[in-house]
Amino acid sequence: MSTTIPGEPWSTGVARAADGATTVAGVDVRALAAEHGTPAYVLDETDLRSRARGYRRAFETAFAEIGAGVDVYYAGKAFLSVAVARWVHEEGLRVDTATGGELAVALRAGVPGADIGLHGNNKSDTEIARALEAGVGRIIVDSLVEIERVADAAAARGGAPAPVMVRVTTGVHAGGHEYISTAHEDQKFGLSIASPDGDSPAMRGLLAVLARPELRLLGIHSHIGSQILDPSGFEVAARAVLTLRAQLAERTGVLVEEVDLGGGYGIAYLPGEVALDPDRIAKDVAASVQATAADLGTPLPRFSIEPGRAIVGPAGLTLYTVGTVKPVRTDDGSVRTYVSVDGGMSDNIRPALYGAAYHAEVVGRLASAQTVLARVVGKHCESGDIVVHEVQLPADVRAGDLLAVAATGAYGRSMASNYNHVPRPPVIAVSDGETRVLVRRETEDDLLALDLG
Ligand SMILES: Cc1ncc(COP(=O)(O)O)c(C=O)c1O
Ligand SMILES: N[C@@H](CCCC[NH3+])C(=O)O
């Protein structure tokens, strides 16, 4: 690991001058911190938009070559605000939501219902009703019970049948951590395609949808996990889904129109890590689904994908201010420098939850070339409150320094908490030398407003 500004894992707009001054999209981080305070999430709009465009173009091009259409849904769980929903929609993406709350943000942004999908393994009646009311383009159903609930809600509303996809699990275990792999068998999502005896849960789900006239079976959905750096799992899962589609067609005569291959495209968190290349993966997946469809003798469906992290992750960084610096002797007798910052596990739970690795640098001043092995920790009352487990920081790291942590755009603010009553940081967009507050900093008054005494 070494100092890599500019370049990954930093967003394309991050630059560092010889005197240590660091800018994001032309905005000096010192000015940004002075105006907006720290900690703050900083989002590089140009970078985010170009990744959104890049994914859409890569998949459209590769799938056009095999004669198939494709839609790219931005997975809002990675980070969603009204502006971000608008940006990705302007870039030609649709929006995937996982809850009524995310749906509300997408609608507030003016994204038409038809361009929104609703996921969730335990949707409430209110969420289902709201999705139907908004005319969402698809509801991805996750269980047999839910199929009946969505059908009943659609029946009560009347009107056109509700478009649904059935989420299936293919047994493909992919991604960075057990908790973020979602297609293996022993977990809560989807209906399994495995059928030790009789019809698989997935087949039963598809048949159950076909049995309800209030539902329109749009397609089959598979999401195999997150932060995937080995792309072979996408091809294995796609083959399984296309096979299930062909089996359903053979059995019922219904060849579903769409197949969603989910999200999960991995990014670089550390210097030297290589993100999945959208052009490469789009071509490989297109070639693989074409071969599978030919083997099965079925025409290709329309495809869709749901990248979240790959669009917003690299576009974001978190800016902290260093407080205390403490050398600590480790069990093996070496010294680790504990660098405490003014945020922590409340603004980025990923290191504590998944052991996720991040990269940090002192920014905004010329720091010493000599480095020390450091651990960046937060201000919470928890020894697992770690922001960066291991990183070389300048030996003269000190209170008042600005510390930037790279690639925090995804699952940072969206998974933030108020642990220890710490207000959540703002999200500041930067573009062409200008800053704009997308989500303001929470205040203690915001927190106390919920406390009715
Ligand atoms: C159904 C579904 N789609 C899309 C995503 C987005 O994944 P990622 O942010 O890894 O691209 C997730 C989260 O893993 C998901 O559960
Ligand atoms: N929240 C996870 C990934 C999302 C899993 C959603 N299916 C992460 O931070 O990596």
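Predicted model: local features only at pLDDT ≥ 70, side-chain atom pairs only at ≥ 80, totals over all residues.

Tutor: Let's start with a definition. Helices and strands here are DSSP runs, numbered from the N terminus; a helix has at least four residues and a strand at least two.

Student: Is L93 buried or exposed?

Tutor: Buried. L93 has 25 other C-beta atoms within 10 Å, and the cut-off for buried is 20 or more.

Student: What is L93 in contact with, leaving aside its neighbours within four places in sequence?

Tutor: A52, R56, V72, Y73, Y74 and V88.

Student: And how far is L93 from A369?

Tutor: They are 43 Å apart in space, C-alpha to C-alpha.

Student: What follows α3?

Tutor: G92 does, with a positive phi, near 90 degrees.

Student: Tell me about V84. Why does V84 count as buried?

Tutor: V84 counts as buried because it has 30 C-beta neighbours inside 10 Å. V84 is in helix α3, residues 82–90. Leaving aside neighbours within four places in sequence, V84 is in contact with F79 and V312.

Student: How far apart are V84 and E45?

Tutor: In space, 8.6 Å, C-alpha to C-alpha. In sequence, V84 and E45 are 39 residues apart.

Student: Let's zoom out. How many helices and strands does the chain have?

Tutor: The chain has 12 helices and 21 strands. Its radius of gyration is 23 Å, close to the 22 Å that the globule rule gives for 453 residues, so the chain is as compact as a globular protein of that length.

Student: What does the C-alpha trace span?

Tutor: About 70 × 55 × 45 Å along the principal axes.

Student: How much of the chain is buried?

Tutor: Buried residues are 50% of the 453. As for contacts with a separation of 6 or more, 69% of them join residues 24 or more positions apart.

Student: New topic: helix packing. How do α8 and α9 cross?

Tutor: The axes of α8 (residues 232–252) and α9 (residues 278–296) come within 9 Å and cross at roughly 30 degrees. That makes α8 roughly parallel to α9, because angles under 35 degrees count as roughly parallel.

Student: Is that crossing left-handed or right-handed?

Tutor: Right-handed.

Student: Which residues make the contact?

Tutor: On α8, they are F234, E235, A238, R239, L242, T243 and A246. On α9, they are I281, D284, V285, S288, V289, T292, A293 and L296.

Student: Now the annotations. What does UniProt list for "binding site"?

Tutor: In an unreviewed entry, UniProt lists R309, R350, Y354, E382 and Y411 for "binding site". These are spread over 103 residues of sequence, and also spread in space, up to 27.0 Å between C-alpha atoms. UniProt also places a "binding site" feature, again from an unreviewed entry, at G264, E306, P307, G308, R309 and Y411.

Student: Where is R309?

Tutor: In helix α10, residues 309–312. R309 is buried, with 26 other C-beta atoms within 10 Å. Beyond its neighbours within four places in sequence, R309 is in contact with A78, S226, Q227, Y265, I267, A410 and Y411.

Student: And Y411?

Tutor: Y411 is in the loop between β19 (402–406) and β20 (427–431). Y411 is buried too, with 24 other C-beta atoms within 10 Å. Leaving aside neighbours within four places in sequence, its contacts are A78, R309 and R350.

Student: Where does P307 lie?

Tutor: In the loop between β13 (302–305) and α10. P307 is buried, with 28 other C-beta atoms within 10 Å. Its contacts, leaving aside neighbours within four places in sequence, are Y55, V72, A75, G263 and Y265.

Student: Last one: why does Y354 count as partly exposed?

Tutor: Y354 has 17 C-beta neighbours inside 10 Å, so it counts as partly exposed. Y354 is in helix α11, residues 350–354.

Key: Residues numbered from 1 in each chain as written. Chains lettered and ligands numbered in written order. UniProt positions renumbered as here; feature names shortened; annotations may be inferred. Buried ≥ 20, exposed ≤ 12 C-beta atoms within 10 Å, placed from the backbone. Contact = placed C-beta atoms within 7 Å. Rg over C-alpha atoms; globule rule 2.2 N^0.38 Å. Axes fitted to C-alpha atoms, helices over the stretch in contact; angles between N-to-C directions. Parallel < 35°, antiparallel > 145°, perpendicular 65-115°, else oblique. Left-handed = near helix turned anticlockwise from the far one by under 90°.
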